Amino acid sequence: MKSFLPVFVCCFLLMACVPGCEHKKENTATSGKIIVLVSEAYLPLLQSLTTEFTSLYPEAQFDVRPVSTREAIVHLLNDSVHTICIDRQFNDEEHRIADQAGMKIVENHIADDAVALVVHELNPLGSISADIAKKIIDGTVTRWEQIPGSKQSGAIDVVLTGKNSGLYELLQTTIFHGMQQLTVRAAFPTQHDVLAYIAQHPFAVGFVSASVALSEHPKQVKLLSLDVVTEDGSHKKMLPGSSEIYQTLYPFKYSLYLYTAEAKAATGTGLTAFVLSYNGQRIIQKAGLVPEKIPTRTIQLTAE
């Protein structure tokens, strides 16, 4: 009887530890469940990327949630999530917080996009200069009759996403370089809301990402061309097509980034590798963005 007791105890302990061992199984590059926060404009893109990833690796599960860019960064720095996709780079203060916390944050540039100016289809204006666009957003130009070539009069109704959005910060710090304050009549939670507002207000102008403008593009909304001076000194009207963004001919270009803060390589790292792979970059291209690694294709656009 004594000889069987140790064997029985050992078997019992072994059986008891199996569920616990499975529960403590760590995420790998191709398995595990993680939350991914994404700047709201790019939710459909991340859903497409993660859906394709899980079709290849069924043991991986993603909970993709749309938030403002600043919210995504705050959650990453608070260590409540380990993977985010945002439309701007960390600023100096955010890098400093990460360094002070001893966090290892990996940045990957995955795509390029651009800021597009959109107006109501009844607006007779077809193009605008970058300088006028800046004066509209800083409040220097407040009426349509102040814009060369405009054939309408009235107050300019400027709309944008809120201060925590990446687009707001890009306009303030990158596109227009250190602007103290943006002058907007209304700030909306999403770029979809901006387009919906433009579709109902003939005197409005909005700033949205080119990929959102092209993918949603309500029939009551049109894109304005930018008047650009080329290297040879000639003037051209540029729309934010993929070729123009890729060659930096369209001036309001910006980039999309995946950030991971995993203690060691896990599912977020695996997702990043897939996004930067040929198949991942093709998904990005089909979504209307300029992929980081695949040659661009031309998108035909129309504007008056």
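This text covers a helix pair, a pocket and a cavity in a predicted model. Residues are numbered from 1 along each chain as its sequence is written. Local features need pLDDT of at least 70 and side-chain atom pairs count only at pLDDT 80 or more, while totals for chains, interfaces and linings use all residues; side-chain values use heavy atoms, without hydrogens and water.

Helices here are DSSP runs (H or I, at least four residues) numbered from the N terminus. Helix H2 (residues 43-56) packs against helix H11 (residues 278-286) at an angle of about 150°, the axes being 10 Å apart; axes are lines fitted to C-alpha atoms over the stretch in contact, and angles run from 0 to 180 degrees between N-to-C directions. H2 is therefore roughly antiparallel to H11 (over 145 degrees). In the contact (heavy atoms within 4.5 Å), H2 supplies Leu-45, Ser-48, Leu-49 and Glu-52, and H11 supplies Gly-280, Ile-283 and Ile-284.

H2 and H11 also each supply at least two residues to the lining of the largest pocket, as do helix H7 (191-200) and helix H8 (210-216). A pocket is an open set of points on a 1 Å grid over the protein atoms alone, with protein on both sides within 12 Å along at least five of seven lines; a cavity is a set where a 1.4 Å probe fits but cannot get out, and lining residues have an atom within 4 Å of a point. The largest pocket has a volume of about 350 Å³, the space filled by probe spheres set on grid points joined across faces, edges and corners. Of its 19 lining residues, Ala-41, Pro-44, Leu-45, Val-212 and Ser-215 lie nearest its centre.

One cavity of 30 Å³ or more is found in the whole structure. The largest cavity holds about 50 Å³, and its lining includes Ala-41, Asp-87 and Gln-191.

Notes. Parallel < 35°, antiparallel > 145°, perpendicular 65-115°, else oblique.
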